Amino acid sequence: MRAVEDALKIQVPTNARIIRNLIDAIQFVQDHVIHFYHLHALDWVDIVNALSADPKATADLAHSISTWPNSSENYFRGVQERVQKFVNSGQLGIFANAYWGHPAYNLPPEANLMAVAHYLEALDWQREIIKAHAILGAKNPHLQTYLVGGMSIPVDPNSESAINADKIAQLLGLFAKAKDFVDRVYLPDVLAIAPFYLDWAGLGEGLGNFLSYGDIPLIDNADPNNPEHLFFPRGVILDRDLSKVHPLDPEKIHEFVTHSWYSYEDESKGLHPSIGETNVNFTGPNPPYEFLDTDKKYTWLKAPRYDQKSMEVGPLARMLIGYASGQKRVVELIDSILEKLNAPATVLFSTLGRVAARCVETVLLAEQLQPWTMELAENIGKGDLRIHEQDHWEPSSWPAESMGWGWTEAPRGALGHWIHIKDGKIANYQAIVPSTWNGSPRDAKGLMGAYEAALIGTPVADPSQPVEILRTIHSFDPCMACAVHVLDADGNEITKVIVMD
Amino acid sequence: MKKTLILGVGNYLLSDDGLSIHVLERLQSSNRIPDEIQMVDGGTCGLDLLQYLEGVSNLIIIDAVNRKNAAPGTIIRLSGDQVPAYLSLKISPHDIGLPDLLATAKLRDLYPQNVVVLGISPASLELGVELSPVVAVQVDTLINLIIEEVLQIEAI
């Protein structure tokens, strides 16, 4: 959408800009909380161990870190009984396929029980705040109200079906709940769990190179290279040097297929995505196989590079670029966390740093949900009801040929789409998604991508239960399987992580 | 009044995995499902679907279903303990599938009294928005089974 808007030089109206910002923000907040509690927390929290916690001591712990009301001894006893019930009813196998009791779990039983309670509460929380998506985007996660040139959702104080005063009030209520949970549950939990895993502040670093396209334009006609104009500034950090944010030049992005199941005429070189090619060339091995040969082609991901270098994208990249750009609130929050953990900024280059950065980013965005809603209300109040730019709707108004780059920051990192429009049709279309940057294979020079680099040196206590590998991979929040959803009636294990020597 | 929900899940872009969308469209235009019964195209939404289970007593799920030794095109009905509900090891939150959704519903006391899965064993999961021929010929039978299921529930 933004790629087409860029190609046709479309400026979206103010209301559309703000609504897009709001949808982005609530989606990040929901996505990050769900990622933490329902995917990543189980790498750090031992649910079965929570059964041996003392509910009174758990209540004391909860009171010491937050004013969140669900924190009585009885409340935690109730949670414990509920978990016990599920563990006992073996036929459910509800917590199957996990690594309970693994020696790498360091939390005391009380912290485990508190986290389990919040795991359950996060489910109820998301069921509630997701209603904001229904108001603004119709359906999550595949939102339906986006349209080239703006949004398809009407803005009209006098219409019941449009964004009106009632809807604004509903949004403000939902956003207050969203922010409250982030401030009083998510952030305190991360701060409570992190001290038990400080060894992970020295593990899982990876590349030390970070890239962000920047996003969330705070004004109309925002200059993407001006860090004041974007909530997430654009830029590049190289070799873990936080004293300098390099400007981003999109011409320096190239994709290699040397180790990917695609072919180029000359695979020693990368192609800029505006002239990118996707020619499938599967060279095996055919399944079932024991392992992939990383000297050959071994993945469906291409290898994107910036100025010939591998890059990490995502919350850590965004927060480091914000921090190094001197964004006041980012610096305040990161410094306060570093102070609590009594650690230097270099600990951010790690698995734990990714967990912390994702949380900081959630706090930052949750704080803006209400002010941005008020910005929308004020703009509507001025009588501006425009939601869509109509001047370029007719293909007859387009140039014979145009190129566009759509850039955004998704929860998982920098996302770019490149389009070539010719005679009113798409002549070429290429996308580089965040997990392609982070999960990138080796390139023509053999340089590794972020996951591969981050796993080097990770200690694994028990190769048959590699929870340590999952900690680092999950810290990137990979998006690898938005794909097949066939139900397996036999309950077969579909995903298995195997450690090779 | 006990609430009944017909929930379709699956990826429309991957031929037979998109079974439920084809079925829901047909059900909707057939006018054979009473108005008070809600039909939701859950697509690939995962845990976001939890909100639709609130207050539901009878849940009919439509999905492509794999079962050992079931030839492609076989109609499969699962009920009671046959319906898989477990939290699985996963790499990405996008792996969250039906068993995770149902396990989570159990944890939050949202699991409906009656849950039935009705589906067809897939022949193809290739990119494409059409069903494979072996699955397509079974769709009429599946739709009749769903309507029978609904009528039985309504009769109780």
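This is a predicted model: local features need pLDDT of at least 70, side-chain atom pairs count only at pLDDT 80 or more; totals for chains, interfaces and linings use all residues.
**Entry 1. Confidence in chain A**

I began with the pLDDT of chain A, which has a mean of 91, with 93% of the residues reaching 70 or more.

**Entry 2**

I traced an open sheet of 3 strands in chain A, in the order β9-β10-β11, with antiparallel pairing. Its edge strands are β9 (401-410) and β11 (425-432) of chain A, each of which pairs on one side only. From one strand to the next I noted an average twist of 15°.

I went through the pairings next. β9(A) is joined to β10(A), residues 413-422, by 10 bridges. The two strands make a hairpin with 2 residues between them.

Which residues are the bridge partners of His420(A)? I found Met403(A) as one partner of His420(A), and Asn428(A) in β11(A) as another. I kept in mind that strands of a sheet pair through backbone hydrogen bonds.

Is β10(A) enclosed or open? I take β10(A) as largely enclosed by the rest of the structure, because 8 of its 10 residues are buried. The cut-off for buried is 20 or more other C-beta atoms within 10 Å.

**Entry 3. Helix α7 in chain A**

I checked the length of α7(A), residues 165-193. Its 29 residues should span 42 Å at 1.5 Å a residue, and the end C-alpha atoms lie 41 Å apart, so the two values agree. I also looked for a bend, and found one of about 35° at Val182(A).

**Entry 4. Strands around β3 in chain B**

I turned to β3(B), residues 56-66, and found it mostly covered, with 9 of its 11 residues buried. β3(B) pairs with β1(B), residues 3-8, in the parallel sense over 6 bridges. In this pairing I noted Leu59(B) as the bridge partner of Leu5(B).

β3(B) is also joined to β5(B), residues 114-120, by 7 bridges, and these strands run parallel. Here I found Ile60(B) standing opposite Val116(B) of β5(B). For the neighbouring positions I recalled that in a regular strand the side chains alternate between the two faces of the sheet.

**Entry 5. Ile147 in chain B**

I located Ile147(B) in helix α4 of chain B, residues 139-155. Why does Ile147(B) count as partly exposed? I counted it so because it has 14 C-beta neighbours inside 10 Å; a buried residue needs 20 or more, and an exposed one has 12 or fewer.

Technical notes: Residues are numbered from 1 along each chain as its sequence is written. Chains are lettered from A and ligands numbered from 1 in the order in which they are written. Two strands pair if DSSP finds at least two bridges between them. Helices (H or I, at least four residues) and strands (E, at least two) are DSSP runs, numbered from the N terminus. Axes are lines fitted to C-alpha atoms, for helices over the stretch in contact, and angles run from 0 to 180 degrees between N-to-C directions. The expected span of a helix is 1.5 Å times one less than its number of residues. The bend at a residue is the angle between axes fitted to the seven residues ending there and the seven starting there. pLDDT is the predictor's confidence in each residue, from 0 to 100.
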